[in-house]
Every structure is written in C-alpha cells, then in structure tokens.
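Please keep the model open while you go through them.

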Amino acid sequence: MAHMVKPLRIVPLAAELRKNSGIGAEVVLPPSMRHLDMDGLSDEEKATLRSGLFDHGVLVVRNQQGLDPNVMPQIGRFFDETAWDIHSGGAKMVTDAKNILSQNRGSRAPRAPQVSIIGKGKWTGYEGLADLDLKHVSHTEFHETPCTKEELADGFTRAYRWHMDAPLYERLPGYVTSLHSLKNPDLPDQKLWFPSGEVLSIAAGATAFYSGARAFDLLSDEEKEFALNTTVQYAPRAYEWMLDCKATDDGLTIAKSGQEKRLEDLREWSWDKVHAFPMVWRNIGNGKPHLQVLGCCVFALRTADPTTGEVTVIDDLDEVREICHKLTSKVYTPENIYAHRWQEGDLVIFHNRGVLHSITGELTRTSGESDPEKRLFWQCTMASGTPPTAYRAAA
Ligand SMILES: [Fe+2]
C-alpha cells in the first residue's frame, strides 16, 4: 500500500551529533506503519530509504519494540539482491574458542537463524534458548596498552576494533548490517579516548562509526592516489590468525608483529578463499570513494602503477600496518566519529561497505540478576554474492 499523505522520510540527525562525520539520519516511518515493513513501502519510499542509507551511512528507526527478527534479513535482501540467505559469519554462531569472533558468547534467534543475539549478562529462556551468558568484549583484553585501572575507574573506554562486518574468507561482506536494541545498560556516560588527548562523552555501550568517504576525503592527493591503486590482501582465516595479537590504542590496527599464528597452524584453508579487496570502494548509491580497510586483518598490499600496470608488493607486516594506520588514523577524531547512543527499540541499519564501526564501552562486571550493565541486541549481516566495487577500475 502506498503512503501518499505522509510517506517515509529520511531526516538527518542533529548537527551536533553528526559533526563532520557525514553520518546519521533518522527514518521516519509513515504514521500507519508501526514496524518497518519492506513489503508495505511504495517504490518511491524504497528509493528514499535506499539513497538515505548510501548518503548517510547509518539510519536509525526508533521505537521498533516487538519487531519480527525476520525483518532484518529482509532488510539485507532489500539492499542487496545477491545476498545469500545466511549470516556472513556462517550459518551458525561462531562457538569455536580458537576464533576471536566467539568471544561474545552470542547465539542465534530460533525464529530467524540469520540473526545473532549479542549483549551482556545472563538471559534465561530468551526466545526459547538455553541460558545465555553474553559477554561485551572490552578493549582491555585486546589493546597492547589498555587504559589503566585509574582511567577505567574514571569512566574511560576505547574503540575496541574498527572493522567492517566481513569474515574475509569465503563469504563476502554484506552491503548492510542491522542492529536492534532490546535492552541497554543503565549506566552513566563513559569517556571515549582519542590519541590527541580529546575525550568524547558517549553512552555506555555506544556503537562508534566513521565514514569511509570522510576517511578518503582527509587523505592528501598523494595518499589518495596510492589508495586508489592499491589492493589490500587480508590474512588467511584472519580472525584466527590474529587471535593472540594486540591492537593499537585507537583500535585501528595491530600494535606489533610476532604474535600471529603460523599459516600452517591455521584450520585448513586455501588462498582462493582468502579475500583481497580494493583499498577504496565505490559507494553503489552515490558513486563516492570510500577508504575501506580492516586494519587489524591486513596481510599485504599490492599497488599497481596506473600507467605501466607494474605491481609493487609490500608484505612486511609492520610496514603494511604502518601504512594502513597512517591512512586510516586521520579520521579518528571526535569531529569525525558518530557514536550511536542507543535507545531501547532502536533499529539501526548501516552501510557496511561505506562505514567502519567499533564496539565501545566497559561492561565487565560479573553478571548478576540486577546487573545494570545488562544489554541485549539482535544483529544481522548477510553474506553477499557480489564483491565490493573498486572506485577506480584496474588498468
Ligand atoms: Fe561488527
């Protein structure tokens, strides 16, 4: 049914929230639509939603309490006709202790197996599942030099790990990820730390985003040229490979080499399934260039000379990480970060091929019945049938 009187609208978030991030807009549903219903939108409304996502990177639909989890895979299919009907993390939740992605002890929704259940704390009988004891990962377990006890007591937190939702092996990253907040911590704000010494006050458990388009804009002309000509080779089974590695203070890359697993010690793998992506991706909505580098998982860089086609390979890990860090760290300032302050019922849809995101927040107390840190979320990101598009096609 078309909503001719008050159709779906996209309203950019307030300027003080967006700052220079280029990120964030609210989706105002037609008054007759309680929950986002893809089948209930007119063609014009679908076009508005589509361009809204690709232009603003992160869309927020408020008050979606009672949402059917099956809407989330429908959203994935709406933005990507080639989406497979499985979560990009695999048909089942990762529970293998050898994999870094198992550390949140999440589960999957029985009503919609493409939807992960993540959060913090003990949940009994939720969605008919056996008891859950969800864990919110803390930067203190992953950063080389985490915040001190005093800083933590003072409310400081860090960006845990900047990433796109991408397994980097076999299954291609989805165009979008959707997140639905069912329960948020009842805690004071925390302080997001920046290398400049600046501090951003954020909600406990906020999800932080930066735009790959903004990151690209901030590069010098020389850096842009390098990025446009470079392909990023990710490590085989990257998350297993870097299980014992520790990150830089900003969560953008690994602090130093030496802790990576030996390639022969990884679970069975082959190079044809390991992903290499352009460093700069084309936004399929508005055509803009986005710097999309998952710095903790990089393995090598291949840079083509645009006139001769000659390829230079950099495979010294420290050098590869240093180059990627130099390029990506320019965007890591309070002005360029949008940290979503979750309200219960929020449905957030983000352009996984246009923004990078990170967990923040220290929710590390032992779970109890009256746990103020309790958090419950649904997350859905579907494997795609289409690789990311290079902004500049190979010569
Ligand atoms: Fe993620």
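1. A residue is called buried if 20 or more other C-beta atoms lie within 10 Å of its own, exposed if 12 or fewer do, and partly exposed in between. By this rule, 47% of the 395 residues of the protein chain count as buried. Please bear in mind throughout that this is a predicted model.

2. On the overall form, the C-alpha trace of the protein chain spans about 60 × 50 × 45 Å along its principal axes. The radius of gyration is 20 Å, which agrees with the value near 21 Å that a compact globule of 395 residues would have.

3. In terms of secondary structure, the protein chain contains 8 helices and 21 strands.

4. How is the protein chain divided into domains? Domain 1 is written as two stretches, 9-212 and 339-381, while domain 2 covers 214-331. The C-alpha centres of domain 1 and domain 2 lie 23 Å apart.

5. Turning to where these domains meet, 33 residues of domain 1 are in contact with 34 residues of domain 2. On the side of domain 1 that touches domain 2, the elements that give two or more residues are helix H2 (43-56) and strand S11 (207-211), and H2 gives the most, with 4 residues. Sorted by class, this side of domain 1 has 13 nonpolar, 12 polar and 8 charged residues.

6. Two backbone angles deserve a careful look. Most residues other than glycine have a negative phi. Lys19, however, has a phi near 50 degrees, a positive value in a residue other than glycine. Lys19 is found in the loop between helix H1 (15-18) and strand S2 (25-28). Is Lys19 buried or partly exposed? Lys19 counts as partly exposed, because it has 18 C-beta neighbours inside 10 Å, and a buried residue needs 20 or more.

7. Asn63 is placed in the loop between strand S3 (58-61) and helix H3 (71-79). With 14 C-beta neighbours inside 10 Å, Asn63 therefore counts as partly exposed, since the exposed class stops at 12 or fewer.

Definitions and conventions
Residues are numbered from 1 along each chain as its sequence is written. This is a predicted model: local features need pLDDT of at least 70, side-chain atom pairs count only at pLDDT 80 or more; totals for chains, interfaces and linings use all residues. The radius of gyration is taken over C-alpha atoms; the globule rule is 2.2 Å times the number of residues to the power 0.38. Domain bounds come from an automatic or database domain assignment. Two residues are in contact if their C-beta atoms, placed from the backbone, lie within 7 Å. Ala, Val, Leu, Ile, Met, Phe, Trp, Tyr, Cys and Pro count as nonpolar, Asp, Glu, Lys and Arg as charged, and the others, Gly among them, as polar.
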